[in-house]
There are 2 protein chains.
Amino acid sequence: MVPLLEEIRDVRSAVASARREGKIVGLVPTMGALHAGHARLIERCRAESGFVVVSIFVNPTQFGPNEDYQRYPRTIENDLNVCRDAGADLIFAPSVSTMYPRGASSTFVEVPGLSEKLEGASRPGHFRGVATVVLKLFEIVRPDLAFFGEKDYQQLLVIRRMVDDLNVPVEIRPVPTVREEDGLALSSRNRYLDPDQRRAARVLSQALQRAKQAVADGERSADRVRQILRERIELEGWANLDYAEVADAETLDPATEVGAGLRAVALLAVRFGTTRLIDNAILSG
Amino acid sequence: MVPLLEEIRDVRSAVASARREGKIVGLVPTMGALHAGHARLIERCRAESGFVVVSIFVNPTQFGPNEDYQRYPRTIENDLNVCRDAGADLIFAPSVSTMYPRGASSTFVEVPGLSEKLEGASRPGHFRGVATVVLKLFEIVRPDLAFFGEKDYQQLLVIRRMVDDLNVPVEIRPVPTVREEDGLALSSRNRYLDPDQRRAARVLSQALQRAKQAVADGERSADRVRQILRERIELEGWANLDYAEVADAETLDPATEVGAGLRAVALLAVRFGTTRLIDNAILSG
């Protein structure tokens, strides 16, 4: 089995050994409940790194008070198998008190500009929690490379911005979203869906496909693309739209135009009962 | 002369060379205008490190809008001599645009609890600026050791808290305050004082001495020690008291008692005309 370490000093010691052997160190930060999307991240890390660290930590500070921190799936036995099969060298699974010994009043990292929009507007404090825990993981592991899924597109931008602004010497590698056969992006939260909701959840990737097709067919108005996204989702009775946005793919500022050398991204958040799913697609540029 | 580098990549490359030679890397972050207090920091760094980096950067984000950022002394020729004489191996003196290429909307670090008190109350945003620039310098240099003066006592606590909370693997070494013969703590801002203000400025160390003496003589009431500090400063016509506090030496929460196993610190901020000076003394523990 892949060694599972809970203590920071043990991780540092293992990473230091790998470094002495001249190995490139790669990190895949996760919240566990690993699926084939995570496996892809680990495999990509394996391909580029001599030493592959997977962190498994359900980070309380990125959940809002009414969110699913308590019921977030914990599947450590399966996670160990996924890590082994995908080629991890070490799993770091700290306790909450190891990561936050001083509790909620700890030092935090804020990435202004990107953090307040979209997911940040729906989930206040979410990206502060993400940025802070990822920086802590970077300081604990000090990886050369770190791998993040494009499924969490805004998170990827926030992490990149943080690393740039704070001069953290780690290369951020984005990894394409892995999807079910019907297009649903893999997510640890998909397991919350009942059969009706699971069928309905196809609407995210379907709406994004329609938007991409419209842009490929020459649509230039971001507002009309937003309308295409909204209309497709509103057709699905089990779906409740949180947001459907077309934004600049770097700043996430709302776009007015798409295509013609403008990098635009469509971003969706949709609720199915109490389960909230997100997805995105690059539209142009 | 000591090499002076302005670019982050050049500093990283020089530090990487030192590391390959197995050297311990020490950092002394400064805002320039170096005096014998800084020299002491550099000498202490020299004694413990194989490679001594001094950063010189007047950090705009730690100055308030009505503070002395523009007129803060820049004395680079003298600074180079101080660095050479004290044994620095490398000076990192970046431009503002090198440190903040995206301007004021950059990612920041906040150390709640400690940052709002005392200096933070008088200088809103000050410690956010300090914590952020110090973390950036730590990420650029990745030192094993970093040296900070006890003169800026609250800053020392903020940096230690940040490093603990964010798991930054750097050892913070405090260095005792260097004083003039009459007791005035060395500060780059002392040069702003006119002769009357300079004489009056002795009142900081004198007040602290009286407070220490009172505690040594058995005083246990923090309020009475505060009164001793205030009364001594109010005797000095050129001095305007900003704050005189007696606080827990770790949390900076106001103390009710001193002595008897309680670690207490006295902290002063006093204005002389437009010049604001700070000083402190450990009272007990």
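Which residues of strand 2 of chain A lie on one side and which on the other, and are they buried or exposed? Before the answer, a word on the model: it is predicted, so local features need pLDDT of at least 70, side-chain atom pairs count only at pLDDT 80 or more, and totals for chains, interfaces and linings use all residues. Residues are numbered from 1 along each chain as its sequence is written, with chains lettered from A and ligands numbered from 1 in the order in which they are written.

Now the strand. V25(A), L27(A) and P29(A) sit on one side, G26(A), V28(A) and T30(A) on the other, and all are buried (20 or more other C-beta atoms within 10 Å of a residue's own, C-beta atoms being placed from the backbone). In a regular strand, side chains alternate between the two faces of the sheet. Strand 2 covers residues 25–30 of chain A; strands here are DSSP runs of E, at least two residues, and helices are runs of H or I, at least four, numbered from the N terminus.

What does strand 2 of chain A pair with? Strand 3 (residues 51–56) of chain A runs parallel to it, joined by six bridges, and strand 6 (residues 145–149) of chain A is also parallel, joined by two bridges (pairing takes at least two DSSP bridges). L27(A) has V53(A) as its bridge partner in strand 3 and A146(A) in strand 6.

Zooming out, chain A can be laid on chain B with an RMSD of 0.0 Å by a turn of 180° and a shift of 0.0 Å along the axis (least squares on C-alpha atoms of residues with pLDDT of at least 70 in both). That's the relation of a two-fold axis.

Conventions: A residue is buried if 20 or more other C-beta atoms lie within 10 Å of its own, exposed if 12 or fewer, and partly exposed in between; C-beta atoms are placed from the backbone.
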